Amino acid sequence: MTGSLSNMMLVISVWALPLLIAITFHEAAHAYVAKLCGDNTAWMLGRVSFNPIKHVDPFGTVLLPLLLLVIQSPFLFGYAKPVPVNFRNLRNPRRDMVLVAAAGPAINLVLAALAGLAFHLVGYVPGQAGQWLMQNLANALLINVVLAIFNLLPIPPLDGGRIAVGILPRALANPLARLEPYGMLILLGLIFILPLAGIGVATQFIAQSSRVVVQAILMLTGNV
């Protein structure tokens, strides 16, 4: 029993830290770029911060990923409190909406690249501490890539949906924007319900795209 608990705590320790950092930086990047583009809403609420407490959603950031780990789900999913953005305050609403939305996935890809570079330092950390660091870095690489790709799905309110609304012609952008109230239901169907019926198109796309991007980062950072 003690061994099982110890193993569970180890699993949580090597997943929780990279997941928390990935989500925190993702949301802080949205808030920072929104401020640069003219909207101080998130800044006034303290969301331009690397303090995870500012961004943590008790269920989406803590309980849901923990539950998925406990049941050994093949797909780790989590989310933070959305960053409030008043698009009317942006200097160029359509363009700046794209920049604000793209900032989250972009910072996750930067973090993934930094994790790849940090692999070269693991050899200088002795024993079990080095193994623990290696697992954290490997999970950081994977989590940040998956988070970036997942958020780039063109479904509002995901970042990819906001980007698509900002760059598509209005004849296509307006109907897509109207899907936002139903976005979470659509995502739940794509990620959890359809795979139960043997239709895992979205999860397969995320998994395959993540493998390609992870391999590319490993090559670019000299790990392959």
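A salt bridge here is a side-chain nitrogen of Lys or Arg within 4 Å of a carboxyl oxygen of Asp or Glu. The pair links distant parts of the chain, 18 residues apart: Glu-180 sits in the loop between helix H7 (170-177) and H8, and Arg-162 in helix H6 (residues 159-167). I noted that helices are DSSP runs (H or I, at least four residues), numbered from the N terminus.

The model is a predicted one, in which local features need pLDDT of at least 70 and side-chain atom pairs count only at pLDDT 80 or more, while totals for chains, interfaces and linings use all residues. Residues are numbered from 1 along each chain as its sequence is written, and side-chain values use heavy atoms, with hydrogens and water left out.

I then checked confidence, for which pLDDT is the predictor's score for each residue, from 0 to 100. The protein averages 88, and 92% of the residues score at least 70. Among the elements, H3 has the lowest mean pLDDT (75) and H4 the highest (96).

I searched the whole structure and recorded two salt bridges. Arg-95 and Asp-96 meet in one of them through their side chains (2.8 Å, N to O). I classed residues by relative accessible area: buried is under 20%, exposed over 50%, and partly exposed in between (1.4 Å probe, protein chains only). Asp-96 counts as buried because its relative accessibility is 0%, whereas Arg-95 is partly exposed, with 46%.

Next I turned to the interior. A nonpolar core is a set of buried Ala, Val, Leu, Ile, Met, Phe, Trp, Tyr and Cys residues joined through side-chain atoms within 4.5 Å. The largest has 22 residues, and those with the most contacts inside it include Leu-137 and Ile-206. Its largest share, seven residues, comes from H5.

I also examined His-55, which lies in the loop between helix H2 (41-44) and helix H3 (58-70). His-55 counts as buried because its relative accessibility is 1%. Setting aside residues up to four places away in sequence, I listed its contacts (heavy atoms within 4.5 Å), among them Thr-24, Glu-27 and Arg-47.

How values were computed:
Helix = DSSP H or I, 4+ residues; strand = E, 2+ residues; numbered from the N terminus.
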